[in-house]
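Hi everyone, thanks for making time. I'd like to walk you through one chain, from the overall fold down to a few single residues. Please have a look at it with me.

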Amino acid sequence: MPDLYEVLPTIIGHRGAAGSAPENTIAGITTAAELGVGWVEFDVKLTRDGHAVLLHDDRLERTTNGRGPVAALDFAELRGLDAGSWFSPAFAGERVPTLSEAITALADNDMGANVEIKPSPGRDRATGYAVARALRRHWPDHLPLPLLSSFSESSLVAARDAAPALPRALLVGRRPGNWVSRLERLGCAALHVAQRHVGVRLVRTTIDAGYALRCYTVNDRARAERLLRWGVESVFTDHPERMRR
């Protein structure tokens with residue numbers, strides 16, 4: 001396992017606080033802070049002209065009033081879209097934020113972040129490099145180091161090249177058979193696994209190998225308690241308020 005290892009809190013807000021505010025927005029980050037969350041997770045991809053923005057999907061339809069691929073729009077075009085009304089009229093006019101704006105919101109609220117690199121098709125290395133370089137240059141000194149994660153191994157390699165000091169985690173649905181060699185090759189200190197595929201034996205073997213295990217997306221309190229009792233370090237949840245009660 002790499003020497004650099006950032007211990008994360010047990011409860012991390014998924015895409016901000018996705019059950020209470022539109023995902024991957026400044027409102028989502030500030031709502032998570034209001035709910036008492038110390039860390040959030042959000043997704044970052046690139047616009048056509050290379051701006052790092054918070055969006056999960058490759059297309060715009062689900063979480064904005066736009067249409068088409070994210071990678072087909074320049075930032076100026078993307079900025080005119082509404083990223084809040086789909087969730088609730090109370091969030092009408094919420095914009096797709098830049099990574100820089102998200103960092104500012106985190107700094108204002110003293111929050112840490114798991115930044116998931118979510119490249120559009122064919123932009124794995126470019127996205128990994130751009131996101132890691134931006135974090136290396138602009139991350140506030142008073143915050144804990146951000147964690148970079150991705151399903152894309154090419155993105156993680158590029159992130160490692162751009163900012164080797166930032167901790168990384170590999171995202172998977174199920175834990176693959178060659179998971180240890182993959183983590184070693186990528187220099188990752190943790191594995192993030194879909195919670196429905198996690199049992200006590202998987203938790204113990206991951207920890208015994210020297211790696212942290214974190215699970216997504218856990219919205220049931222009893223399930224979260226069970227996973228944490230087994231040794232899972234953190235759970236990503238849309239509803240952190242349920243977990244903190």
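So, what percentage of the 245 residues in the protein chain is buried? Buried residues make up 57% of them, where buried means under 20% relative accessible area, exposed means over 50%, and partly exposed is in between, with a 1.4 Å probe and protein chains only.

A word on where this comes from. This is a predicted model, and local features need pLDDT of at least 70, side-chain atom pairs count only at pLDDT 80 or more, while totals for chains, interfaces and linings use all residues. Residues are numbered from 1 along each chain as its sequence is written, and side-chain values use heavy atoms, leaving out hydrogens and water.

Let's start with the whole chain. The protein chain has 9 helices and 9 strands; these are DSSP runs numbered from the N terminus, with helices being H or I of at least four residues and strands being E of at least two. Its radius of gyration is 17 Å, close to the 18 Å that the globule rule gives for 245 residues, so the chain is as compact as a globular protein of that length. That radius is taken over C-alpha atoms, and the rule is 2.2 Å times the number of residues to the power 0.38. Along the principal axes, the C-alpha atoms fill a box of roughly 50 × 40 × 35 Å.

Now contacts, meaning heavy atoms within 4.5 Å. Among contacts between residues at least 6 apart in sequence, 57% join residues at least 24 apart.

On to the interior. In soluble globular proteins, nonpolar side chains tend to be buried together. By a nonpolar core I mean a set of buried Ala, Val, Leu, Ile, Met, Phe, Trp, Tyr and Cys residues joined through side-chain atoms within 4.5 Å. The largest one here has 32 residues, and F42, L99, L106, L135 and L148 have the most contacts inside it. The elements giving two or more residues to this core are α1 (26–34), β2 (39–46), β3 (52–54), α3 (99–109), β4 (112–117), α4 (124–138) and α5 (153–162). Which of them gives the largest share? That is α3, with 6 residues. Apart from this core lies another, of 23 residues, L156, L186, L191 and V193 among them.

Let me stay with α3 for a moment. Its residues L99, A102, I103, A105, L106 and A107 are buried, and what covers the buried residues of α3 includes α1, β2, β3, β4 and α4. Just after the helix, D110 takes a positive phi of about 55°. Most residues other than glycine have a negative phi, and most peptide bonds are trans. D110 sits in the loop between α3 and β4 and counts as exposed, at 56% relative accessibility.

There is another residue like this to look at: R15, not a glycine, also has a positive phi, near 55°. Is R15 buried or exposed? R15 is buried, with a relative accessible area of 14%, and lies in the loop between β1 (11–14) and α1.

Next, some single positions inside the fold. L135 touches L99, I103, V115, P146, L148 and L166.

V40 lies in strand β2 and counts as buried at 0% relative accessibility. Its contacts include I12, G13 and G16, along with A32, L106 and M111. The C-alpha atoms of V40 and N24, 16 residues apart along the chain, are separated by 9.9 Å.

G128 is found in helix α4, and at 0% relative accessibility G128 counts as buried. Which residues is G128 in contact with, its neighbours within four places in sequence aside? They are I117, S155, A158 and A159.

Last, V193, one of the residues of that other core. V193 lies in strand β7 (residues 190–194) and is buried, at 0% relative accessibility. V193 touches, among others, V172, G173, R174 and R175, and also L213, R214, C215 and Y216. From C-alpha to C-alpha, V193 and V235 are 9.9 Å apart in space and 42 residues apart in sequence.

That's my tour, and I'm happy to take questions.
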